[in-house]
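Let's take a friendly walk through this model, from the overall fold down to single residues. Have the sequence and the 3D view open side by side.

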Amino acid sequence: ERKDHLIWVSVGMSVFGFILGLSAFYEHITGDRWYSLVVGFGIPLAWSDIAKGRATGMFDHASAPAALIATCFFLTYHLATHTKNNLAKLFYYANMVIIATGAYFTYTRSVYIALIMFALIIPFFAARKRKQYAAITVVFLIIVSLFTPIVLSDSALHNRITNPENVGARL
């Protein structure tokens with residue numbers, strides 16, 4: 001029974017990650033918070049240092065949804081490797097793409113590093129599903145290596161990630 005509860009909590013977090021990913025995409029495209037749809041007028045994003053702004057979801061800062069998105073990504077990654085239902089597997093893999101897109105639009109270095117580190121480390125800790133984790137990791141790293149030059153071509157994002165003052169302020 002406890003295992004079923006953990007599975008359903010993980011599924012719920014995966015669905016929540018899907019919603020966060022979609023809201024981050026909406027916020028990036030429009031420059032307005034997602035709940036602007038509900039209230040009927042545009043509420044601009046608070047952090048507009050990059051592009052139209054950093055996705056914040058229901059929070060006031062991009063770091064909070066970024067951490068939550070990373071957690072949802074990890075749980076979805078785990079569910080994708082352990083489910084036997086092919087339709088659910090397809091949903092989880094598609095959801096991983098949506099969640100990773102949402103993570104990107106938060107423009108938060110910590111979530112980028114967390115996703116890459118997780119992809120590199122998890123195959124070593126997964127005893128039973130090591131090959132499956134390794135395959136997902138290889139695909140993930142190929143996608144990251146293909147998109148990194150495109151991502152860093154945005155001068156505002158490149159400056160945010162590589163500016164020594166920005167990094168030094170965090171130390």
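Does Asn95 count as buried or exposed? At 1% relative accessibility, Asn95 counts as buried, where buried means under 20% relative accessible area, exposed over 50% and partly exposed in between, with a 1.4 Å probe and protein chains only.

## About the model

This is a predicted model, in which local features need pLDDT of at least 70 and side-chain atom pairs count only at pLDDT 80 or more, while totals for chains, interfaces and linings use all residues. Residues are numbered from 1 along each chain as its sequence is written, and side-chain values use heavy atoms, with hydrogens and water left out.

## The overall fold

The chain has 8 helices and 0 strands, giving the pattern α-α-α-α-α-α-α-α along the sequence. Helices (H or I, at least four residues) and strands (E, at least two) are DSSP runs, numbered from the N terminus.

Of the chain's 171 residues, 36% count as buried. Among contacts with a separation of 6 or more, 57% come from residues 24 or more positions apart; contact means heavy atoms within 4.5 Å.

Asn95 has its place in helix 4. Setting aside neighbours within four places in sequence, Asn95 is in contact with Ser14, Val15, Gly17, Phe18 and Thr76.

The axes of helix 1 and helix 4 come within 8 Å and cross at roughly 45 degrees. Axes are lines fitted to C-alpha atoms, for helices over the stretch in contact, and angles run from 0 to 180 degrees between N-to-C directions. The two helices are therefore oblique to each other: angles under 35 degrees count as roughly parallel, over 145 as roughly antiparallel, 65 to 115 as roughly perpendicular and the rest as oblique. Helix 1 passes helix 4 in a left-handed crossing; left-handed means that the near helix is turned anticlockwise from the far one by less than a right angle, and right-handed that it is turned clockwise. Residues making this contact include Val11, Phe18 and Phe25 of helix 1 and Phe91, Asn95 and Ile99 of helix 4. By class, the contact of helix 1 with helix 4 has 11 nonpolar, 7 polar and no charged residues. Here Ala, Val, Leu, Ile, Met, Phe, Trp, Tyr, Cys and Pro count as nonpolar, Asp, Glu, Lys and Arg as charged, and the others, Gly among them, as polar.

## Helix 3 against helix 5

Helix 3 (residues 63–82) and helix 5 (residues 109–125) have axes that come within 9 Å and cross at roughly 20 degrees. That makes helix 3 roughly parallel to helix 5. The contact is made by Ala66, Ala70, Phe73, Phe74 and Tyr77 of helix 3, together with Val111, Ala114, Leu115, Phe118 and Ile122 of helix 5. This contact has 10 nonpolar, no polar and no charged residues.

## The nonpolar core

Which residues touch the most other members of the largest nonpolar core? Of its 28 residues, they are Phe73, Tyr77, Met96, Val111 and Leu115. A nonpolar core is a set of buried Ala, Val, Leu, Ile, Met, Phe, Trp, Tyr and Cys residues joined through side-chain atoms within 4.5 Å. Helix 3 gives the most to this core, with 8 residues.

Met96 touches Phe73, Thr76, Tyr77, Ala80 and Ile136, not counting residues up to four places away in sequence.

## Pro123 in helix 5

Pro123 lies in helix 5 and, at 10% relative accessibility, counts as buried. Its C-alpha atom is separated by 7.8 Å from that of Thr137, 14 residues apart along the chain.
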